[in-house]
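Please open the model in your viewer and keep the sequence panel beside it. The tour below moves from one selection to the next.

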Amino acid sequence: MIPTVVYAIPAFVLLVVVEALSYRFLPDDDERGYELRDTVTSMSMGAGSQVIAVPWKVATIVVYAAAYTAVPWHLSPSSGWTWLLLFFGDDLAYYAYHRAHHRVRVLWASHVVHHSSLRYNLSTALRQTWTPMTGLPFWLPLALLGVPPWMILVEQAVSLVYQFFLHTERVDRLWRPVEWFFNTPSHHRVHHGSNQVYLDRNYGGILIIWDRLLRTFEPEGERVVYGLTKNIGTYNPVRVAFHEYAAAWRDVRAAARWRDRVGYVFGPPGWSPRQPVR
């Protein structure tokens, strides 16, 4: 079974090359552009994530299929209403997944990979986790609603392809109604910012309405500083993939009390017994 997004990879690579060339011939002093080692790391992370995705998608669809067959109601894939429900359901599931992966350290250890670059360009979109297993529970309710598993995977791929185009500094703000309802490059630049005002904001996938409704929205204002609050200083893909798991394990081993060990694993990133906030 080949993940649907694999078929988009040649287009992704071509667009990365086009954007990189645009910086070469149309440089902008306010935009950081590309750096070879950073881009190679992002590409390596993307390649590794797709290798892992093949067996994991098989396991995922088995779980979703089991949930789907366990319920007595099944929604028809030929109905437009099913696809509409799936669109909003998938996007809400992504918001919940994304927010949880920023607020729970053991989940953040998987997602931090995507935020580890000091650059923000289309190659950054390919910097994906090698531990995708933490995402499975967030889409399981869709199967329990009677959505066929293959439809869930297709919609996930649609969302991922859409989000690829958000990772660019070459696009400024769009038409105001688009900016109000949809996630855009401007909104997602905020999400990748390490500025204090931008932390844990704009979790949306395709839509930005969940952030507006749940008060996690922040418009782009001050210049975005990309990367982490404590950058890792490496281009080694293995270290990028697993550095936060290693850091969490060191904190757990050094903790004297069980409640502190639990806090280091399930508290927010940056939690400590004396400083329970990021």
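Leaving aside its neighbours within four places in sequence, which residues is Leu142 in contact with? Select Leu142 and you will find Leu86, Gly89, Asp90, Val147 and Ile152 in contact with it, where contact means heavy atoms within 4.5 Å. This is a predicted model, in which local features need pLDDT of at least 70 and side-chain atom pairs count only at pLDDT 80 or more, while totals for chains, interfaces and linings use all residues. Residues are numbered from 1 along each chain as its sequence is written, and side-chain values use heavy atoms, leaving out hydrogens and water.

Next, select helix 2 (36–70) and helix 10 (residues 237–254); helices are DSSP runs of H or I with at least four residues, numbered from the N terminus. Their axes, which are lines fitted to C-alpha atoms over the stretch in contact, lie 9 Å apart at an angle of about 70°, and the two helices are therefore roughly perpendicular (65 to 115 degrees, on a scale from 0 to 180 degrees between N-to-C directions). Thr41, Ser44 and Met45 of helix 2 meet Pro237, Val240 and Ala241 of helix 10.

Finally, select Tyr95 and Tyr203, both of which are buried (under 20% relative accessible area, with a 1.4 Å probe and protein chains only). Their rings form an edge-to-face pair, 5.8 Å centre to centre with 85° between the planes; rings of Phe, Tyr and Trp (its six-membered ring) pair if their centres lie within 6.5 Å, and planes over 60 degrees apart count as edge-to-face. Tyr95 is in helix 3 and Tyr203 in the loop between helix 8 (185–191) and helix 9 (209–213), 108 residues apart.

Conventions: Parallel < 35°, antiparallel > 145°, perpendicular 65-115°, else oblique. Phe/Tyr/Trp six-rings, centres within 6.5 Å; stacked < 30°, edge-to-face > 60°. Buried < 20%, exposed > 50% of the residue type's maximum accessible area, 1.4 Å probe, protein only.
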